Amino acid sequence: MTLVRSELRWNGWGFLGRSAAFTRTQEQGILRELERRLGCALEPLPAPVPIEAVKLPDSRIDERTHAALRSACGDSGVRSGRFERVSHAAGKSLPDLLRLRRGEIAHAPDLVVYPPDEGAVAAVLRIAADASLAVVPFGGGTSVVGGIEPRPAPQHTGVVSLDTTRLDATIRIDARSGLATFGAGIDGPALEAALREQGLTLGHFPQSFEHSTLGGWIATRSAGQQSDGYGAIDRLLVAVRVVTPEGVLRTLDVPRSAAGPDLNQLILGSEGTLGTIVEATLRVAPAPTVQDDRALFFHSFSDGVAAVREAVRGGLRVGMLRLSDGAETELGEVLRRDPARRFDPTRLGRRALTRLGYGPESAALLYGAEGIDPAAVRAALRRLRAIGRSHGGFPLGRSPGRRWRRDRFHTPYLRDWFLDRGVAVDTLETAVCWGRVETAREAVVGALRRALDSHAGGGLVMAHLSHSYLDGACLYFTVIYALDPANDVAQWSAIKREGTDAIVAAGGTLSHHHGVGSDHAPWLAAEKGSLGLRSLRAVKSAVDPAGVMNPGVLL
């Protein structure tokens, strides 16, 4: 297995031994600034309980079923220990982490199985159907929308977590066709390393890249940080194999087909409710030999949106366009500031920009290009810079881009640091057409501010634009607020509900790249319509008539 579960935090984000890595003076400065902005003294949360203190119910799997699963997956491929059950009991959403820190698990799998191949996956599903067990496919475990918590239906006698990480083979790389086929349990670094050996890249780098899996990317319609250039996973997927309770569903590795509806699109975003993805063929590209990331500063978010829209609709190919509003830009500066440093380039740079008329509403655009032709990369960046300057943008050079590339998988570690200090951080994201970008942002930010005032006594709301398309872009919102330890999950639920209501009212999708899970499921009918939901349920009934696969998620 390329992904080693024991190297990851079971009750937080990421790898053991990694952290936000602030100095003591930075921590003190950030806390003072947070208390000022939140308007209250912060109370640290109790330390997370050890895994031995987590309350787990006894496994409900009988010995006959246990033996059948061992026969399918091998003795080492069936595990019922405390660590395995706890580490497969939840994802990485804010309520997941709040409960895990307290040792509260509403639902835990009775067993965790690690099938070594497609045949073993099929056997697990047959055994589960015969024993009335629910099955939850589990890859990297990074869902932030309640997508992998075991939620058995009344007819289920237990839950099996099907860990895909033994399905991690590099099956075939066809450089001539620009295609590569992998087992769905391979994680991001292993997949990319296999491609780089052949001078290739997938170019798919979600923030969870270091410990999420290919199958998870497909199941949630993932988008990477450089999807402006390479495309999101739905553009990269060519063919897929899925083991369902009724058999194998597979598509062909052809460039295009007019033979009816595209079944790939059915599997993309299915979140483990139709079956277990076991293999996928992807479009790959030559690995870049030159990379360049830079930044521009705009007087307002609107000016930055206008520049991004002009660049994208004009056909300019860059790898990344990420526009942070004034609040997000300012918080980034706070987190980078170190009061112990006599020379602080961030503070000095902000003062200089303020003198030039760039005030607190100013927005920062990170942009980058990469490829194998240095001249083409330089030309793209020059064109983007010219467009930005025509909208009042001030070039900031390469330093912000270098810092982003260095830290781009580090940001989620901040959430654990915030939680230790009694501060909640959560995100919502959507996508809207260009004609609604600015009104949608204003509406959702306003709704989230009201929700924070009502349920947390205030808080911070910030937003950025990313993942741009000819017709629109993703809007990503972050909220920061002081936790109510006696009511933390209900507090989050109320804020999440009001923010999501505002997204729907603004004409946005429930999710651009996080998925539906169980958190967004109550709003799915508003997006798909009743006939759309009936159609999806009919498909599920065809491939999973007993309701084995991931109950409580999506549908």
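Which residue forms a salt bridge with Asp234, and how far apart are the closest N and O atoms? The views below start with that pair. This is a predicted model, where local features need pLDDT of at least 70 and side-chain atom pairs count only at pLDDT 80 or more, while totals for chains, interfaces and linings use all residues. Residues are numbered from 1 along each chain as its sequence is written, and side-chain values use heavy atoms, with hydrogens and water left out.

**View 1. Asp234 and Arg221 form a salt bridge.** The partner is Arg221, and the closest N and O atoms are 3.7 Å apart. A salt bridge here is a side-chain nitrogen of Lys or Arg within 4 Å of a carboxyl oxygen of Asp or Glu. Asp234 lies in helix 9 (residues 233–236) and Arg221 in the loop between helix 7 (214–219) and helix 8 (227–230), so the pair ties together parts that are 13 residues apart in sequence. Helices (H or I, at least four residues) and strands (E, at least two) are DSSP runs, numbered from the N terminus. Asp234 is partly exposed at 32% relative accessible area, and Arg221 is partly exposed at 28%. Buried means under 20% relative accessible area, exposed over 50%, and partly exposed in between (1.4 Å probe, protein chains only).

**View 2. Asp292 pairs with Arg398 in a salt bridge.** Here the closest N and O atoms are 3.1 Å apart. Asp292 belongs to strand 12 (residues 290–298), and Arg398 sits in the loop between strand 15 and helix 15 (399–407), so this bridge ties together parts that are 106 residues apart in sequence. Asp292 is buried, with a relative accessible area of 10%, whereas Arg398 is partly exposed at 38%.

**View 3. Glu328 meets Arg322 in a salt bridge.** Their side chains come to 3.5 Å, N to O. Glu328 is buried at 13% relative accessible area, while Arg322 is partly exposed at 26%.

**View 4. Glu33, Arg36, Arg37 and Glu330 make up one network.** These residues are joined by salt bridges that share partners. By the rule given in View 1, the count comes to 26 salt bridges.

**View 5. Leu356, Phe394 and Leu396 make a nonpolar surface patch.** The patch covers about 240 Å², with accessible areas from the Shrake-Rupley method with a 1.4 Å probe, where for residues only the protein chains shown count as cover. Patches are made of residues with over 30% relative accessible area and no salt bridge, like charges being joined within 9 Å and nonpolar side chains (Val, Leu, Ile, Met, Phe, Trp, Tyr) within 5 Å. Leu396 lies in strand 15 (residues 394–397).
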